[in-house]
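Let's take a walk through a protein model, one feature at a time. Have the sequence and the 3D view ready.

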Amino acid sequence: MEIKDLLREPLKGFTAYKPGGKKVKVREGVEEIIQLNANENQLGPSPKAIEAMKEATEISQFYPFTFGQLEEVRQIFADYHGVSADNIMITAGSGGIISAFGEIFLNPGDEVVSCEPTYDSYKAMVNRYGAKFIAAPLKNYGYDLEAMLELITEKTKLAVIVNPNNPTGTLLTNQELDDFMDKVPDHVIVVIDEAYFEWIGDKNYQSAIKYVKEGKKIAVLRTFSKLYGMAGVRIGYGIMLSDICKEMRNVEWNYGPSRIGLAGAVAAIQDEEYIERSLDNNTKGRAFLTKVLEEAGFDVVKSYASFIYFYPNGFTSDELVDKLGSYGVIIRAFKEYTRVSVGIPRQNAIFAETLKKVLKND
Ligand SMILES: Cc1ncc(COP(=O)(O)O)c(C=O)c1O
């Protein structure tokens with residue numbers, strides 16, 4: 001018997017989500033590789049988070065629950081968002097929450113509605129459990145919530161909305177979300193992924209956490225992988241209705257965070273100076289890259305996140321990714337579109353120069 005024959009049924013034809021996109025061939029002599037393909041914050045973690053993580057390594061013989069560390073951090077996140085610790089689940093990256101949703105709620109044949117293209121990990125999670133991912137196309141590159149409502153049936157368990165969306169960087173209005181939440185049927189749990197929320201930079205824009213406070217059947221996902229520059233540390237969390245959280249936390253151990261990561265996360269959310277610096281770098285870098293791409297004749301989608309989605313007129317997306325990649329500038333193809341993550345000024349400048357070379361066919 002082959003190992004493949006022993007797999008759970010849904011995994012027999014399963015293709016895993018591949019973070020970062022395809023591998024490119026870098027030409028000889030290229031000394032520096034610039035990774036602008038995975039929406040990482042190139043500033044790196046806050047110095048205070050690094051210090052806290054170093055300190056935590058010295059007591060890393062202890063599990064995260066020992067001395068109540070995990071409970072303490074749940075309370076800190078709860079206070080930060082003005083909710084109760086019963087609303088908070090912390091995992092190794094917000095991908096942990098995404099996986100736990102599959103394990104806790106999805107039977108084969110269940111349906112999950114969303115829009116496409118969006119963060120591919122959701123489709124992969126749904127397929128892992130033999131459920132069906134049913135997605136409406138985006139409208140003007142953004143989520144089409146009316147179309148999503150029409151896809152909901154009695155088999156729908158989850159409605160997934162990524163806001164701002166990845167890979168397009170678009171943002172829903174608060175009114176659009178309010179209308180959706182008013183209309184969504186009672187048997188559906190709404191998952192709103194706010195991995196890129198902090199980059200919006202508009203103090204008047206409201207997080208979907210307000211629906212948790214209103215007692216709606218909802219989970220909101222946040223991560224330390226983006227604004228806080230800690231993608232390698234693997235800390236994410238969900239803010240959700242306490243009844244959902246209680247069921248989700250039954251599998252917490254499978255997806256749990258590390259003691260070191262928890263220590264870093266607590267220091268990171270308190271480092272105002274770092275947060276300001278990150279936001280400033282992103283806002284300026286996003287404006288710079290938008291201009292560079294527009295001057296290259298590409299169609300650019302307005303971004304509210306830490307990356308830019310564009311149509312590379314004159315190239316196929318794969319072609320452009322390969323050509324830039326050959327000079328060591330790594331970005332990502334999404335079918336006919338392309339996405340570049342915002343870097344630090346030096347990296348953005350190298351991207352701009354390299355793009356010029358590619359356009360001149362050097
Ligand atoms: C929309 C979205 N959600 C979640 C994640 C997962 O992030 P992490 O598991 O690092 O928290 C990503 C990563 O790129 C993302 O783009």
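In which helix is Ala100 found? Ala100 belongs to helix H3, which covers residues 94-105. Helices (H or I, at least four residues) and strands (E, at least two) are DSSP runs, numbered from the N terminus.

## Before we go on

This is a predicted model, where local features need pLDDT of at least 70 and side-chain atom pairs count only at pLDDT 80 or more, while totals for chains, interfaces and linings use all residues. Residues are numbered from 1 along each chain as its sequence is written, and side-chain values use heavy atoms, with hydrogens and water left out.

Is Ala100 buried or exposed? Ala100 has 0% relative accessibility, so it counts as buried. Buried means under 20% relative accessible area, exposed means over 50%, and partly exposed is in between (1.4 Å probe, protein chains only). Leaving aside residues up to four places away in sequence, Ala100 touches Met89, Met248, Val251 and Tyr255; contact means heavy atoms within 4.5 Å. Ala100 and Arg249 are 149 residues apart in sequence, but 8.7 Å apart in space, C-alpha to C-alpha.

Now try Val233, in the loop between E7 and strand E8 (236-240). Its relative accessibility is 22%, so Val233 counts as partly exposed. Not counting residues up to four places away in sequence, Val233 touches Met53 and Gly261. Val233 and Tyr309 are 76 residues apart in sequence and 26 Å apart in space, C-alpha to C-alpha.

Which residues of helix H6 (residues 174-183) are buried? They are Asn174, Leu177, Phe180 and Met181. Looking down the axis of H6, you'd find these buried residues within an arc of 125 degrees, so they line one face of the helix. That arc is taken from the directions from the helix axis to the C-beta atoms. Here's the background: an α-helix has 3.6 residues a turn, so residues three or four places apart point the same way.

The face of H6 turned away from the buried side carries the exposed residues Gln175 and Asp182. On the buried side, the packing partners include helix H5 (145-151), strand E5 (156-162) and strand E7 (218-223).

## Rings and charges

How many aromatic pairs are there? The count is 19, where rings of Phe, Tyr and Trp (its six-membered ring) pair if their centres lie within 6.5 Å; planes under 30 degrees apart count as stacked, over 60 as edge-to-face and the rest as tilted. Take Phe224 and Tyr228: their ring centres are 4.8 Å apart and their planes are at 35 degrees, so the pair is tilted. Both Phe224 and Tyr228 are buried. Elsewhere, ring pairs join Tyr141, Tyr309, Tyr311, Phe334 and Tyr337 into a cluster.

Charges can sit over rings too: the charged end of Arg8 sits over the ring of Tyr129, 5.3 Å from its centre. Arg27 lies over the face of Tyr327, at 4.1 Å from the ring centre. The rule is that NZ of Lys or CZ of Arg is within 6 Å of the ring centre and within 35 degrees of the ring normal.

Which peptide bonds are worth a look? The one from Glu116 to Pro117 is cis, with omega near 0 degrees, and the one from Asn163 to Pro164 is cis, with omega near -5 degrees. Pro164 lies in the loop between E5 and H6.

Asn140 has a positive phi of about 50 degrees, although it is not a glycine. At 70% relative accessibility, Asn140 counts as exposed.
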